[in-house]
Amino acid sequence: MSLNIELKDAKAAYRPGESVEGEACWTLDPAPPALVVRLCWRTEAPGCSTSDRVTAVEQRIENPVAGHAHQGFSLRVPDGPWSFAGALFAIHWFVRLEDGEGRVEEADVVVSPTGHAVEAPGGEAGRAAGG
């Protein structure tokens with residue numbers, strides 16, 4: 001049993017107002033009542049082991065078929081916050097697919113007006129993109 005996220009054109013950077021588009025793919029038997037695709041962000045800080053996830057927008061896939069299947073999704077990117085990498089904290093964006101039974105898949109994306117993570121002095125842009 002597995003979940004997978006395929007971003008359209010392997011695009012991983014988005015500007016506010018654009019749509020994150022792709023395919024939610026799964027191999028599940030039996031299928032859960034629903035799958036949920038979410039566009040989320042979280043903050044991370046060095047030395048801090050906790051991080052809360054914030055869901056910006058979500059799309060439900062009701063009654064997914066059992067076995068191997070896929071369905072497209074489109075999630076509008078909000079105005080912010082932007083992907084950010086600084087010495088004290090970072091903001092990471094990601095698409096999350098979950099089946100409600102503990103299986104989760106995530107794909108990192110960047111959200112900013114320039115298409116690149118905002119980097120503060122001492123930060124690393126690669127951290128904001130999940131790399």
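Mentor: Happy to. Two strands pair if DSSP finds at least two bridges between them. Strands themselves are DSSP runs of E with at least two residues, helices are runs of H or I with at least four, and both are numbered from the N terminus. The model is predicted, so local features need pLDDT of at least 70 and side-chain atom pairs pLDDT 80 or more, while totals for chains, interfaces and linings use all residues. Residues count from 1 along each chain as its sequence is written, and side-chain values use heavy atoms, without hydrogens or water.

Now look at strand 3, residues 19–28: it pairs with strand 6 over 10 bridges, in the antiparallel sense. To find your place there, click on Glu23, which stands opposite Gly72 in strand 6.

Next, move to strand 9, residues 104–111. Strand 2 (residues 13–14) runs parallel to strand 9, and 2 bridges join them. Ala13 has Val110 in strand 9 as its bridge partner. Strand 8 is also joined to strand 9, this time antiparallel and by 6 bridges. Here Phe94 has Asp108 in strand 9 as its bridge partner. Strand 8 and strand 9 form a hairpin with 5 residues between the strands, and Gly100 in this hairpin takes a positive phi near 80°.

Stay with Phe94 for a moment, and look at its ring. The charged end of Arg42 sits over that ring, 4.3 Å from its centre. For this, CZ of Arg or NZ of Lys must be within 6 Å of the ring centre and within 35 degrees of the ring normal.

Now for rings beside rings. Rings of Phe, Tyr and Trp (its six-membered ring) pair if their centres lie within 6.5 Å; planes under 30 degrees apart are stacked, over 60 edge-to-face, and the rest tilted. That rule gives a count of 2 aromatic pairs. In one of them, Trp41 and Trp93 have ring centres 6.5 Å apart and planes at 45°, so this pair is tilted. Trp41 belongs to strand 4 (residues 34–44) and Trp93 to strand 8 (residues 90–98), so the pair ties together parts that lie 52 residues apart in sequence. Trp41 and Trp93 are both buried (under 20% relative accessible area with a 1.4 Å probe, protein chains only; exposed is over 50%, partly exposed in between).

Phe84 and Phe89 pair as well: their ring centres are 5.1 Å apart and their planes at 35°, so they too are tilted. Phe84 is buried, its relative accessible area being 18%. Phe89 counts as partly exposed, at 37% relative accessibility.

The chain has 1 helix and 10 strands. Reading from the N terminus, its elements run β-β-β-β-β-β-β-β-β-β-α. The C-alpha trace spans about 50 × 30 × 20 Å along its principal axes.
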